[in-house]
Amino acid sequence: MDVKYINPFINATINVLETMAFTKAEAGKPYLKKDQVAQGDVTGVIGLIGGVSGTISVSFTEKSILSIVSNMFGEEMKELNEEIKDAVGEITNMISGQARQELEGMGISLKAAIPSVIVGKNHSINHITKHPIIAIPFNTANGGFTIEVCFEK
Amino acid sequence: MDLSMKILVVDDFATMRRIVKNVLRQIGFTNIVEADDGSTALGVLKKDKIDLIISDWNMPKVNGLELLKAVRGDESTKNLPFIMVTAEAQKDSVVQAVQAGVSNYVVKPFTAEALKEKLEKVFSK
């Protein structure tokens, strides 16, 4: 997979969390992910089609997403409930929207599907293509999360 | 800008309405009502005196653009300030909204500061 597809997602993730949730996220070293087990407890997945097809996912640990959504809502969230699931869907949407904007500037036009959200310990994430999955771990002051990018080129 | 103005937030996602309300509260607004779709919003507009609409673009039934057109087509609301919220800063969508008479638009994600700036522009006209 071409590395040029990855950076827009890293930039979008950092920007969305900083803007909407006042959360500074620091990207770690990307790695090739071999299995489908989610790194987090709640994951948003969105399919992208256009010049290339693929999926991206954002998988949050319980601690990190409770802190992020508390900041977004301006009130403390204590458990992984429906509101957290909806918020993860919105965050996934915003990351995809912003990354697509950057990709559009590079001449790659993509359309996004509606995100789905999965909750639970050790759930799996199925990317629609069988191509390599690049995972990027992130750290925040309140725990980590991982994004995965999988494109057919 | 009058912080006591009545604002109608339109979005099919409860979460997004909550986020927008939180941002508006950060700016200092307190008088906020909600609608979960364009058709519900039109119902609210018939009953309530609204000073500003902040609406999502993508919604089932009546979407943001259709709501904007309906608002502009009604004598009683044709001059109502209308901010469109969109996730995609794609040129085509913005042009359509401008042609339909949108007052301003914000692209998700946005900060309280960014929204405040847009609102100040709208209300200084």
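Reply: Lining the largest cavity you'll find A:Thr19, A:Met20, A:Phe22 and A:Met72 from one chain, with B:Ile19, B:Asn22, B:Val23, B:Gln26, B:Phe110, B:Thr111 and B:Ala112 from the other. On a 1 Å grid over the protein atoms alone, a cavity is a set of points where a 1.4 Å probe fits but cannot get out, and a lining residue has an atom within 4 Å of a point. Two elements give two or more residues each to this lining, helix 1 of chain A and helix 1 (14-27) of chain B, and helix 1 of chain B gives the most, with four. Helices here are DSSP runs of H or I with at least four residues and strands are runs of E with at least two, numbered from the N terminus.

This is a predicted model, where local features need pLDDT of at least 70 and side-chain atom pairs count only at 80 or more, while totals for chains, interfaces and linings use all residues. Residues are numbered from 1 along each chain as its sequence is written, chains are lettered from A and ligands numbered from 1 in the order written, and side-chain values use heavy atoms, with hydrogens and water left out.

Back to the largest cavity: its volume is about 40 Å³, a volume being the space filled by probe spheres set on grid points joined across faces, edges and corners. Its lining splits into seven nonpolar, four polar and no charged residues. For those classes, Ala, Val, Leu, Ile, Met, Phe, Trp, Tyr, Cys and Pro count as nonpolar, Asp, Glu, Lys and Arg as charged, and the others, Gly among them, as polar.

One of the lining residues, A:Phe22, sits in the loop between helix 1 (7-21) and strand 1 (26-27) of chain A. Its phi is near 45 degrees, a positive value in a residue other than glycine. A:Phe22 is partly exposed at 47% relative accessible area (buried is under 20%, exposed over 50%, partly exposed in between, with a 1.4 Å probe and protein chains only).

The count comes to two cavities of 30 Å³ or more.

Now for the open space. A pocket is an open set of grid points with protein on both sides within 12 Å along at least five of seven lines. The largest pocket has about 470 Å³ of space. Of its 20 lining residues, the closest to its centre are A:Asn93, A:Ala113, A:Ile114, A:Pro115 and B:Phe13. Its lining has eight nonpolar, three polar and nine charged residues.

Helix 3 of chain A gives the most to that pocket lining, with seven residues. The 24 residues of this helix (82-105) should span 34 Å at 1.5 Å a residue, and its end C-alpha atoms are 35 Å apart, which agrees; the expected span is 1.5 Å times one less than the number of residues. Just after helix 3, A:Gly107 takes a positive phi of about 85 degrees.
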